[in-house]
Amino acid sequence: MTIGVLFVNLGTPAAPTPEAVRDFLREFLSDPRVVELPRFIWYLILYGIILPFRSRRSAKLYNKIWTPEGSPLRVITFQQAEKLQRHLGDKIKVVVGMRYGCPCLKAALLKFEKLHINKILILPAYPQYSSPSTGTVFDKVNEILRLSRVYPEIRTVRDYHNDAGYIQAVANTLKDNKSQKILFSFHGLPQKFIDKGDVYLEQCQETVNKIVGVLKLPKDQFAISFQSRLGKQPWLKPYTDLLLMQWGQEGVESVSVVCPGFSADCLETLEEVNMQNREIFLSAGGKVFNYIPALNDSDEHIAVLAQLIEKNIQGWEND
């Protein structure tokens, strides 16, 4: 075995409790790529306001989606990795690492070291690149490896927002759609990140343009929106919740919501979109709300990820 694949997702609390959520949020929100504020000012807000109050509130939300096996994000990510391992065979070792929480990236990289694997492909499970998601994964990997006596060969998959297989896989989830409107909802990002040069918005738009091109959707049948905003600063618009409210008030009776930026269902899709935003739309006058699940561990998704891996390790497999 000569090649390792570090399959990375955001991470999740270890349990749906205020204490576990607090630990997770402290690590996540302390990342300078996630919150770009002077550390002294931000830590006063984080430790004085956000962690004491948000941890308890978020724990209640996690309780709504928690399964007997654990957090959906963690469960699905490991299912994806197991299927990828079977698909790729014994010459490639797939290891899961979470950017925040467990299993941490350091533990994942240590597995490769113990197996004497010195060629590692980093595959963040984010189709669209953004600084606070993919960027921070690469930062952390480099930080961990900085003191390694023998630095492994590293390759990275920065994004796959326009990959033909990925586009087709998402389009296939909508091929039987009968709703009046389709809403493509992505995780939000502060507007200032885009103003500073982040390519996230551009890539989200390209993803949607390619999907609707495959489906041949008219422009008045779909829209792009952004969810999960935090704080009072401007985030990417339109906001998912407000747009769904507007549609309900305007007489849109049925909507299908798909979240192409999420490779695995998680709190933001299962609770925020499929529970909170469902209630918003129906309360505003809508009649039918259809959430389209993420690609998760579907065979088609696994084939897409495997193809990405095989493309990015070309040359290594013959060394």
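**Helix packing and local backbone features**

Helices α2 and α10 are roughly perpendicular to each other, a description applied to angles of 65 to 115 degrees, whereas angles under 35 degrees count as roughly parallel, those over 145 as roughly antiparallel and the rest as oblique. Their axes cross at roughly 90° and come within 10 Å; axes here are lines fitted to C-alpha atoms, for helices over the stretch in contact, and the angles run from 0 to 180 degrees between N-to-C directions. On the α2 side, the contact is formed by Leu 61, Tyr 62, Lys 64 and Ile 65, and on the α10 side by Leu 267, Leu 270, Glu 271, Met 275 and Gln 276, where contact means heavy atoms within 4.5 Å. The model is a predicted one, in which local features need pLDDT of at least 70 and side-chain atom pairs count only at pLDDT 80 or more, while totals for chains, interfaces and linings use all residues. Residues are numbered from 1 along each chain as its sequence is written, and side-chain values use heavy atoms, with hydrogens and water left out. Helices (H or I, at least four residues) and strands (E, at least two) are DSSP runs, numbered from the N terminus.

Helix α2 also packs against α1 (residues 18–29), at an angle of about 135° and with the two axes 8 Å apart. That angle makes α1 oblique to α2.

Helix α3 (residues 72–88) consists of 17 residues and reaches 24 Å from its first C-alpha to its last, close to the 24 Å expected at 1.5 Å a residue, the expected span being 1.5 Å times one less than the number of residues. Its buried residues are Pro 72, Leu 73, Ile 76, Thr 77, Gln 80, Ala 81, Leu 84 and Leu 88, with buried meaning under 20% relative accessible area, exposed over 50% and partly exposed in between (1.4 Å probe, protein chains only). Seen down the axis of α3, these buried residues fall within an arc of 160°, so they line one face of the helix; the arc is that of the directions from the helix axis to the C-beta atoms. An α-helix has 3.6 residues a turn, so residues three or four places apart point the same way. The buried residues of α3 pack against β1 (3–11), α2 (39–65), β2 (92–100), α10 (267–283) and α11 (299–312). Just after α3, Gly 89 takes a positive phi of about 90°. In strand β1, Asn 9 counts as buried at 6% relative accessibility, and, leaving aside neighbours within four places in sequence, its contacts include Leu 73, Thr 77, Gly 97, Met 98 and Ser 263.

In helix α9 (residues 240–249), the buried residues are Thr 240, Leu 243, Leu 244, Trp 247 and Gly 248. Viewed down the axis of α9, they fall within an arc of 140°, so they line one face of the helix. They pack against β5 (181–187), β6 (222–227), β7 (254–258), α10 and β8 (288–292). After α9 comes Gly 251, with a positive phi near 100°. Helix α10 also holds Asn 274, which counts as partly exposed at 22% relative accessibility and touches Thr 269, Phe 289 and Tyr 291, residues up to four places away in sequence not being counted.

A cis peptide bond with omega of about -5° joins Cys 102 and Pro 103, the latter in the loop between β2 and α4 (105–114). The bond from Lys 237 to Pro 238 is likewise cis, with omega near 0°, and Pro 238 lies in the loop between β6 and α9. His 116, in the loop between α4 and β3 (119–124), has a positive phi near 60° and is exposed, with a relative accessible area of 69%. Asn 296, in the loop between β8 and α11, has a positive phi near 50° but is buried, with a relative accessible area of 13%.
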